[in-house]
Amino acid sequence: MELRHIAFGNLRRRKGKAALITFGLAVAVAAFVLVLSLILSLRSTVDDRLARYGSNLVVTPPRSEVDLSFGGVRVAGAGSGQVRYLDESDVEAVRSLSEPERLTAVIPVSLRLVDVEGRRLLAMGTDLAASSRVKLWWRLEGTLPAAPDQVLLGLNVRNEFGLDTGDEILIDGRSFTVSAVLWETGGEEDSLIIMDRAVLDALTGVAGEVNLIEVTASSTAAVDGVARDLRLALPEAEVSSVKSSIEFNNQADSALADFGLAVTFLIVLISGLVVTITMLNAVQERQKEIGIFRAVGYKQRHIATLVLLESAMLSSSAAVLGVVAGLGAASLAPRLVQDSEIGFTFDPLAVVAGVLVAFLIGFLASIYPAWRAARMDPATALKYV
Amino acid sequence: MALIEIDRVRREYGTADSRVVALGEVSLSIEAGEYAAIMGPSGSGKTTLLSILGAMNPPTSGTLSIDGIDVYALSQERQADLRREYIGFVFQQLELVPYLSALENVMLPLAILKEKGKRERALEALGRVNIDERKARRLPSELSGGEQGRVAIARAVVNDPPIILADEPVGSLDTSTGRQILDQLRRLADGGHAVVMVTHNPESTQDVDRVIQILDGRVTCDDGPLACVVPA
């Protein structure tokens, strides 16, 4: 027989107190797991939203002068008006960032003015396949250009020239086929002619000049780190992030998570107090029993070990109950909040953290009762004094 | 040198303003194989003396030596070791742990030891008091009064201590069952253990070698049972 048998036997005998302590711990664990699961789900939702914006970082050439522009329209430069470019070495520098797994896509973009039936329009040269992967709002009528003589038209261009898929279009005197039309995006892409970047470079006779590099980080958490590394790799370029706007939109959800954490902390505190008081009461009831243990040679550390073993056994039960209840509540919670975009994402971290919290609360709550039990004078406990 | 030696032990309780003298300057020796009864009315100090003998209650002054060791000069940890090695207790109302089987109750002093063969030692101790393995698996509530008493004695001797201290071991038992317990204590003394029993019942002292009568914290008689005991 070992001390753990004595501890287990005592819990079996005092089922009511054991159940009360287990319940108290399980409630705290469930609250913690619920809030943590919601926070992890929130983070996952933010990442999803981030993905809908496509690229979450944009690298552009440095401004050589004060720009005279308003509402995104460059009116004039204060000096020579020269446009600066990035080049292939800059693109390679972005692709060569450390921890490449942080990057989902690196898309260099060239912008050129081209002539279409006497009209000056803006053509965009890009990596069409990569762009269609990250720009989830791209809806095409037709198929993505696959050949050097195929282009994708923005909706405004299509409407202005009355073109449809399969029609010919002359660009800078060269004939191209419209392979697809982009559904209305509500943005600048509606007014673009979009083609492969190498094709645009060949058409305009300008190679190696990149107007901007669209970078997609793999997660919200990676954006800041990637932005920092981009600024280090390209000190003269400008790096912008679209993360902040998403975070602003999620402030309400973040505030809810903070409130949840505060409430959870209170619940954990109260639970710990309940456990401590219940265990102190149990120790007092076992005064004579502890006196017997001391009389037959148990030392103070043996008595303390008995109390802590009982706490560990109860924490195990509470961990299982609390984690299951917490995950269950987390899976149901989004359905209770109207218009919430937060879904439930199972994360093993919530399970591990819940188990650790159960043992931590159990241990901390039983330190004082264990100390009181260990310090019991055997003669007093046996009522010999 | 006697196995147990108490030299001018005094025990007081309370504050400086109101002191109570539970035991006043008691000196005595007990040899191995001696069966002694400490008798006295309630509040006479006999339980206090027993607790001092049991290395659980440090005296206000005086010394207790067991096998030449000054017990209360030891640390609390070493006193616990000494209790385990030298002293077996039979408590008032037996005090078997209700959620442990008879076998587990006997193994209680062994649970803190990192040794093999604990179960066999406990079964052997139970065998000496005629408790078989089948009964050993039962809870105390499933045993008769006499069987519970024998389990309590087995628990006291499982470590083979040289000293057995019994606090009113038959107080709550019927006459027949009590007789069984007293016979077991006699046998232990005959086997070489020093047995010290606290009792207030003169009838329990029939088999003892020596009666130590205590009144108001002082030894008033220390002789054979016929000399010290006033028949009830």
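In the predicted model, the crossing of helices α6(B) and α7(B) is right-handed. The axes of α6, spanning residues 145-157 of chain B, and of α7, spanning residues 175-190 of chain B, come within 8 Å and cross at roughly 20 degrees; because angles under 35 degrees count as roughly parallel, α6(B) and α7(B) are assigned to that class relative to each other. On the side of α6(B), the contact is made by Gly145(B), Gly146(B), Gly149(B), Arg150(B), Ile153(B) and Val157(B), while α7(B) contributes Thr177(B), Gln180(B), Ile181(B), Gln184(B) and Leu188(B). By class, the residues of this contact comprise six polar, four nonpolar and one charged.

Between the chains, 23 residues of chain A are in contact with 26 residues of chain B. At least two residues of the side of chain A that touches chain B are supplied by each of α1 (3-13), α10 (287-295) and α13 of chain A, and the largest share, seven residues, comes from α1(A). This side of chain A is made up of 11 nonpolar, seven charged and five polar residues.

Helix α13 of chain A, which covers residues 378-381, includes Thr380(A). With 14 C-beta neighbours inside 10 Å, Thr380(A) is classed as partly exposed, a category that lies between the buried residues, with 20 or more such neighbours, and the exposed ones, with 12 or fewer. Although Thr380(A) and Gly291(A) are 89 residues apart along the chain, a separation of 7.7 Å is found between their C-alpha atoms.

Conventions. Residues numbered from 1 in each chain as written. Chains lettered and ligands numbered in written order. Predicted model: local features only at pLDDT ≥ 70, side-chain atom pairs only at ≥ 80, totals over all residues. Axes fitted to C-alpha atoms, helices over the stretch in contact; angles between N-to-C directions. Helix = DSSP H or I, 4+ residues; strand = E, 2+ residues; numbered from the N terminus. Parallel < 35°, antiparallel > 145°, perpendicular 65-115°, else oblique. Left-handed = near helix turned anticlockwise from the far one by under 90°. Contact = placed C-beta atoms within 7 Å. Nonpolar A, V, L, I, M, F, W, Y, C, P; charged D, E, K, R; others polar.
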